[in-house]
Amino acid sequence: MPMDAERSLQSAPTETSTRQVAAAPIQLGEDRWKAIVEQVKDYAIFMLTPDGFSASWNEGVKRVLGYEEAEFLGQPGWYIFTPEDRAAGVPAQELATAARDGSCNDDRWMFRKDGVRFWATGIATSLWDDAGGLIGFTKVMRDRTDEKRHDEALQASEERLGESEHRLLTALAAARMGTWKWDILSNQETFDEGLNQLFGVGPSEQLKTLEDVLRRIHPDDRDAVALAFSHSAGTGADLATEFRVVRPDGAIRWLRDHGKVFYDQQGAAVSMAGACVDVTERKQADEQLRQAQRMDAVGRLAGGVAHEVNNMMTAIIGFSDLVVDTLDDSDSRRGDLNHIRRAAGRAAMVTAQLLAFSRRQLLQPRVLDLNLVINELQPMLVRLLGEDKQFAAHLQPSLWSVHADRGQVEQVLINLALNARDAMPHGGRLAIETANVTLDDAYATRHSATVIGRGAFVRLVLSDTGGGIPEDVQSRIFEPFFTTKPVGQGTGLGLSMVYGIVKQSGGFIWVYSEPQQGTAFKVYLPRVDTPADSGSPAPPRPAPRGRETILVVEDDDMVRPLTARLLGAKGYTVLEARHGLDALESLRRNREVSLVLTDVIMPEMGGAELARRLAALYPELPVLFMSGFTDDEIVRRGLLIPGSPYLQKPFDVHTLALRVRELLDARAEKSPLSP
Ligand SMILES: Nc1ncnc2c1ncn2[C@@H]1O[C@H](COP(=O)(O)OP(=O)(O)OP(=O)(O)O)[C@@H](O)[C@H]1O
Ligand SMILES: [Mg+2]
């Protein structure tokens with residue numbers, strides 16, 4: 001025998017004797033046993049005859065069921081069952097079960113004498129005599145209503161909790177949110193299902209520690225996130241951070257994370273919990289907006305520079321033209337001047353492209369059928385592509401019309417085709433496609449509502465099978481002077497010009513590109529309902545001459561005398577004025593003027609105001625505007641009347657002579673009697 005047991009036997013004799021007593025049958029008289037039972041108050045304990053009538057009573061019967069002894073004895077046992085159970089035959093079934101199995105557990109709503117229901121737990125046991133005859137049954141039952149109500153309340157609140165948790169989970173999923181908890185002491189992370197989805201964690205995976213989580217975060221954001229967590233854990237400050245998650249399939253999503261720190265009773269930080277929301281779309285919209293703003297800023301700068309340079313270029317080109325005309329054909333200085341002329345021409349091209357990009361060139365829009373423009377340009381595009389590249393056009397029949405400047409649309413096509421050619425040095429295929437499309441709200445939301453519109457558009461797609469544009473480059477290709485081509489092979493102005501033209505025409509442009517697969521530029525121009533004007537522009541004519549008197553109004557002291565001399569060289573008599581008031585004064589004295597050529601922005605009185613005065617004073621007198629700088633703003637502010645005859649600076653003598661002659665002839669046709 002083990003030592004312990006021995007000692008306990010010796011030291012606890014009373015315990016031993018108690019056990020012995022319990023083991024022996026107790027010889028209690030029936031009366032005493034009955035007396036004990038009768039005194040039990042919390043349990044109703046009574047006997048039933050074999051046919052189910054109550055045969056005994058105790059205090060508990062009074063307390064639990066509400067019957068005095070006299071009332072209770074001899075009444076049918078089914079009294080205490082609810083009407084429904086009685087109707088269903090429960091009382092008899094219960095006794096039958098107890099008779100068959102020895103006992104029957106009995107948890108159900110019961111009926112008190114006063115009609116109040118209570119939740120009873122109890123047991124019915126069958127009693128047999130030595131000969132195997134059924135003597136009767138004992139029933140023991142207790143009122144457990146309070147516990148039952150408590151259980152029910154608990155269950156209901158659990159159900160409610162389940163419901164609200166379900167609601168919460170649905171809301172989290174709808175908001176594309178997920179929650180997390182981080183136990184700081186054990187460095188244990190817990191993600192909910194939503195967050196697992198945001199992180200792309202598979203069903204059999206688990207991110208267990210902060211380090212596991214950090215490994216899924218974009219390398220560029222990882223340190224900042226780790227720092228944000230340790231800062232919050234260390235100082236108790238709320239966590240607020242944004243980062244990119246790299247999913248296993250390589251997809252990148254932006255998440256915004258807010259968290260809180262929790263403390264123990266000693267005030268030590270023990271855990272953090274928070275929620276992440278997917279903000280990828282918002283980030284993309286922000287980025288598109290930022291890019292558009294950047295383009296605007298660069299556009300203003302470029303436009304300003306181009307404006308300044310244009311007047312100088314007008315002078316360089318014009319004076320070279322003048323000097324060339326004075327030289328003999330054999331003069332070697334002709335060649336030198338031609339170099340100057342060509343260089344200035346290239347500079348003028350750059351400024352023209354910059355003006356196009358900054359949406360500050362004056363468009364001369366007409367209602368166009370893009371299919372017609374493409375068809376007429378096709379021979380040139382094919383030539384430009386070269387023999388090793390195929391060309392295909394898929395043009396939608398009955399294409400809607402657009403309102404755009406034909407020459408500018410051609411520039412868009414040519415620039416996009418040139419880029420495609422350069423992207424396919426070893427051959428490939430350029431496809432041009434047109435289609436009528438209606439952009440709905442869903443499309444606009446998928447992109448950024450700030451950048452594109454909705455409604456009816458004509459879509460023009462140019463797609464090539466070239467090398468594609470890497471994603472990090474795509475956001476920059478429309479910037480002026482952005483090029484990946486070797487020095488001398490690209491200025492990086494092609495796409496900026498395309499961008500400016502499309503924007504100024506009320507449309508928008510997207511690029512889609514896959515490395516090694518090719519690139520597609522999609523241009524959307526708003527639909528107009530008017531049918532397209534037919535026919536292409538008239539072919540160029542030789543620079544004509546004339547003998548009329550022309551008033552040149554220009555504040556620039558270089559451009560004014562130059563223009564005067566260019567016109568003089570074509571046979572015209574020229575008068576000069578520095579601004580609108582000056583011009584009106586000059587006209588009062590010289591009634592023989594046949595045409596006014598005027599700058600737009602000048603001190604004292606600008607071109608538009610001058611034109612309005614002239615319309616009142618000399619309605620027959622044609623006015624031709626010239627400017628290096630016009631944009632929507634100028635037209636909107638009434639500085640230039642839309643649709644007015646207009647000459648873009650810098651111009652050469654040929655263009656100047658053509659425009660002047662055109663206007664003079666138009667006027668002569670209208671009123672052949674005027675001088
Ligand atoms: N179809 C294309 N395929 C591949 N890359 C392209 C394509 N179109 C444009 N790019 C890229 O965009 C850059 C900018 O194009 P953009 O037309 O503005 O300038 P560029 O062609 O380099 O010079 P420029 O047009 O002034 O001669 C190009 O240098 C090239 O890297
Ligand atoms: Mg280009």
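These legends walk through several close-up views of one predicted model.

Residues are numbered from 1 along each chain as written, while chains are lettered from A and ligands numbered from 1 in the order of writing. In this predicted model, local features need pLDDT of at least 70, side-chain atom pairs count only at pLDDT 80 or more, and totals for chains, interfaces and linings use all residues, with side-chain values taken from heavy atoms and with hydrogens and water left out.

View 1. Helices (H or I, at least four residues) and strands (E, at least two) are DSSP runs, numbered from the N terminus. Of the 675 residues, 41% count as buried; buried means under 20% relative accessible area, exposed over 50%, and partly exposed in between (1.4 Å probe, protein chains only). Now look at contacts, meaning heavy atoms within 4.5 Å. Among those with a separation of 6 or more, 62% join residues 24 or more positions apart.

**View 2. Four strands form an open sheet in the order 1-4-3-2, with antiparallel pairing.** Strand 1 (43-48) and strand 2 (103-111) stand at the edges with a single partner strand each, so one side of each has no neighbour in the sheet. From one strand to the next, the twist averages 25°. Two strands pair if DSSP finds at least two bridges between them; strand 3 (residues 117-128) and strand 4 (residues 134-143) are joined by 9. You can find one of these links at Thr 125, whose bridge partner in strand 4 is Thr 138.

**View 3. Helix 7 (residues 90-101) lies across strand 1, strand 2, strand 3 and strand 4.** Helix 7 runs at about 160° to strand 2. Helix 8 (residues 145-174) also packs on the sheet, touching strand 2, strand 3 and strand 4, and its direction makes about 80° with that of strand 2. For these angles, axes are lines fitted to C-alpha atoms, for helices over the stretch in contact, and angles run from 0 to 180 degrees between N-to-C directions.

**View 4. Thr 280 lies in helix 12 (residues 280-326).** Thr 280 is buried, with a relative accessible area of 3%. Follow its side chain to the backbone nitrogen of Trp 254, reached at 2.9 Å. Leaving out residues up to four places away in sequence, Thr 280 touches Ile 252, Arg 253 and Trp 254.

**View 5. Gly 259 sits in strand 8 (residues 252-263).** Gly 259 is buried, at 7% relative accessible area. Its C-alpha atom is 5.4 Å from that of Ala 273, which is 14 residues apart from Gly 259 along the chain. Beyond neighbours within four places in sequence, Gly 259 contacts Trp 180, Asp 238, Leu 239, Ala 273 and Gly 274.

**View 6. The largest nonpolar core has 49 residues.** A nonpolar core is a set of buried Ala, Val, Leu, Ile, Met, Phe, Trp, Tyr and Cys residues joined through side-chain atoms within 4.5 Å. Leu 413, Ile 477, Phe 478 and Phe 521 have the most contacts inside the largest core. Domain 3 (290-357) and domain 4 (366-528) both give residues to this core, so it lies between them; the domain bounds come from an automatic or database domain assignment.

**View 7. Gln 516 has a positive phi of about 70° although it is not a glycine.** Most residues other than glycine have a negative phi. Gln 516 lies in the loop between strand 15 (508-514) and strand 16 (518-528), and is exposed, with a relative accessible area of 63%.

Definitions and conventions. Polar contact = N/O pair within 3.5 Å; in protein donor to acceptor, adjacent residues only side chain to side chain.
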